[in-house]
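This briefing is meant for a reader who is meeting the structure for the first time. Please look over the sequence and the model before going through the points below.

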Amino acid sequence: MPLRPGIEEHLVRGAMSVCEFGIYSLIHLQADYRTGIWRGSAPRILATAPRGASLRQIQRALEHFEELGYLRSFRPRGARGNTAYLIDKFTVRSGALKGHKLNAAKSESWQHPVYELVAEDDAEPVAEGVAEDDALSRSKKKEVREKKETAAKPAPPADTRYGPFLEFAKGSFEAKHKRPPTWDCFGKDGSALAAFLRRAPYVTLEVWQNHVLNFFDSTEAFTVKQGGGLAYFISRFDTFSSGPILEGGTNGNRKPTGSDLALRNARALGLDRHTN
């Protein structure tokens, strides 16, 4: 579990209590490891670990984390249910953003998080008083020099659309099937999305949302049989540009109205729920 480096120091100096550390760890367990974005709330944490904590205690912990900069949310005033939180200094361990960490303070929205390259430690610990062979020493110096040169090279910018695109697709799946998807975000499905973003830099979040909703609104038997697979949807992305594919083809080309999109967006993001 990729907790931020130096978290023990925060515990020692009293910035975080033992109970808060448990809550902070649960947030990391539930977060998307490919983006550092956690969709949750105090009730979600309480449902995960109901023993030894109260709802109000968890709510205060989340508020404290935001005050300290550990988390950042962009929850609209009065919104209920799970919301997206950015986990500051979350180190992405796999996927398109591997080798980057999330900078919540610089992010202006959860849909467009800011990531920064994480430089690996160059120095290797050297035991005092141990004489090294000259050839080994030269090899080590060369290795360190190559690491420094590699770290100095600017990394290709990560596609900031990856996190929002994946989060919306997950939310839409859950709204449709009443359960989270079992996509292989570390393999086939995640690679398909990363490749799609590379070859389609012109696709905006709004266009993506429209196509995703058309996919999950489709009733045509073959499409339904795919089980809402992300890789399948991406392979037929253009098919859903005009609307959902309906059984019999009667309304397959009906373009959704603004009201349709607003309602489906709210449903996919969980904003129409009336529970905390």
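On a 1 Å grid over the protein atoms alone, a cavity is a set of points where a 1.4 Å probe fits but cannot get out, whereas a pocket is an open set with protein on both sides within 12 Å along at least five of seven lines, and lining residues have an atom within 4 Å of a point. Grid points are joined across faces, edges and corners, and a volume is the space filled by probe spheres set on the points. The model is predicted, with local features needing pLDDT of at least 70 and side-chain atom pairs counting only at pLDDT 80 or more, while totals for chains, interfaces and linings use all residues. Residues are numbered from 1 along each chain as its sequence is written, and side-chain values use heavy atoms, with hydrogens and water left out.

**Cavity**
- A search of the whole structure finds one cavity of 30 Å³ or more, and the largest cavity holds about 40 Å³ of space.
- Its lining is made of Ala-169, Trp-183, Val-212, Phe-215, Phe-216, Gly-228, Gly-229, Leu-230 and Phe-233.
- Helix 8 (205-217) and helix 10 (230-235) are the elements that give two or more residues to this lining, and helix 8 has the largest share, with three residues; helices (H or I, at least four residues) and strands (E, at least two) are DSSP runs, numbered from the N terminus.
- The lining of the largest cavity divides into seven nonpolar, two polar and no charged residues, where Ala, Val, Leu, Ile, Met, Phe, Trp, Tyr, Cys and Pro count as nonpolar, Asp, Glu, Lys and Arg as charged, and the others, Gly among them, as polar.

**Second largest pocket**
- The second largest pocket has a volume of about 330 Å³, and of the 15 residues that line this pocket, Ser-41, Ala-42, Gln-59, Arg-75 and Tyr-85 are the closest to its centre.
- Helix 4 gives the largest share of the lining, five residues, and the lining as a whole has five nonpolar, five polar and five charged residues.

**Helix packing**
- The axes of helix 2 (residues 18-30) and helix 4 (residues 55-68) come within 10 Å and cross at roughly 80°; axes are lines fitted to C-alpha atoms, for helices over the stretch in contact, and angles run from 0 to 180 degrees between N-to-C directions.
- By class, the contact of helix 2 with helix 4 has eight nonpolar, two polar and one charged residues.

- Three strands form an open sheet in the order 1-3-2, with antiparallel pairing, two strands being paired if DSSP finds at least two bridges between them.
- Strand 1 (37-40) and strand 2 (71-73) are the edge strands, each pairing on one side only.
- Strand 2 and strand 3 (residues 83-87) pair over three bridges, and Leu-86 in strand 3 is the bridge partner of Arg-72.
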